[in-house]
Amino acid sequence: MPKSKLEGRLSRKVRIRKKILGSPECPRLSVYRSLKHVYAQVIDDISGKTLVNASTLKTGKASANKTAAAEVGKLVAEKALAANINRVAFDRNGFRYHGVIKSLADAARESGLKF
């Protein structure tokens, strides 16, 4: 029996998370996309703490389109650079790397964050 969309994303998420670990030197940039909002957070997995976060809730946008995602990517990169974080490991959280996820990653890279 074929998997549902959610089951497929969760199995991809597990496969990705086996390979990616956020450390204090290179924390993990985790991205989540819902129907209405886009969330991004920089996480240190060793200490289990979120170092920086940003979302469309904080930018005032009520949609999860590419332009809103680009603003979130720019905002999370600015906050990370202010917290002296230059390098991150990108965790797409099981979502395909296109559209909203890609625009967030590109905006974060353009703002100075290194993946």
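A salt bridge is a side-chain nitrogen of Lys or Arg within 4 Å of a carboxyl oxygen of Asp or Glu. The structure holds five salt bridges. This is a predicted model, in which local features need pLDDT of at least 70 and side-chain atom pairs count only at pLDDT 80 or more, while totals for chains, interfaces and linings use all residues. Residues are numbered from 1 along each chain as its sequence is written, and side-chain values use heavy atoms, with hydrogens and water left out.

**View 1. Salt-bridge network around R28.** R17, R28, D45 and D91 are linked in a network of salt bridges. The closest N and O atoms of R28 and D45 are 2.9 Å apart. R28 lies in strand β1 and D45 in the loop between β2 and β3 (49-55), so this pair ties together parts that are 17 residues apart in sequence. Helices (H or I, at least four residues) and strands (E, at least two) are DSSP runs, numbered from the N terminus. In the salt bridge of D91 with R28, the closest N and O atoms are 2.8 Å apart. D91 lies in strand β4 (residues 89-91) and R28 in strand β1, so the pair ties together parts that are 63 residues apart in sequence. R28 counts as buried at 8% relative accessibility, and D91 is buried with a relative accessible area of 1%. Buried means under 20% relative accessible area, exposed over 50%, and partly exposed in between (1.4 Å probe, protein chains only).

View 2. R109 forms a salt bridge with D106, with the closest N and O atoms 3.4 Å apart. Both R109 and D106 lie in helix α4, three residues apart, about one turn of the helix. R109 is partly exposed, with a relative accessible area of 39%; D106 also counts as partly exposed, at 25% relative accessibility.

**View 3. The largest pocket.** About 290 Å³ of space lies in the largest pocket. On a 1 Å grid over the protein atoms alone, a pocket is an open set of points where a 1.4 Å probe fits, with protein on both sides within 12 Å along at least five of seven lines, and lining residues have an atom within 4 Å of a point. Grid points are joined across faces, edges and corners, and the volume is the space filled by probe spheres set on the points. The lining includes K5, L6, R9, R12, R33, F95 and H98. Helices α1 (5-17) and α4 (100-110) are the elements that give two or more residues to this lining, and α1 supplies the largest share, four residues.

**View 4. R9 in helix α1.** R9 belongs to helix α1 and is one of the residues lining the largest pocket. R9 is buried yet has no salt bridge, and the nearest side chain of opposite charge, D91, is 8.2 Å away. Here Lys and Arg count as positive and Asp and Glu as negative; His and the chain ends are not counted. Leaving aside neighbours within four places in sequence, R9 is in contact (heavy atoms within 4.5 Å) with Y32, N93, G94 and F95.

**View 5. S30 in strand β1.** S30 is found in strand β1 and is buried, with a relative accessible area of 8%. Beyond its neighbours within four places in sequence, S30 is in contact with Y39, A40, Q41, I43, D91 and N93.
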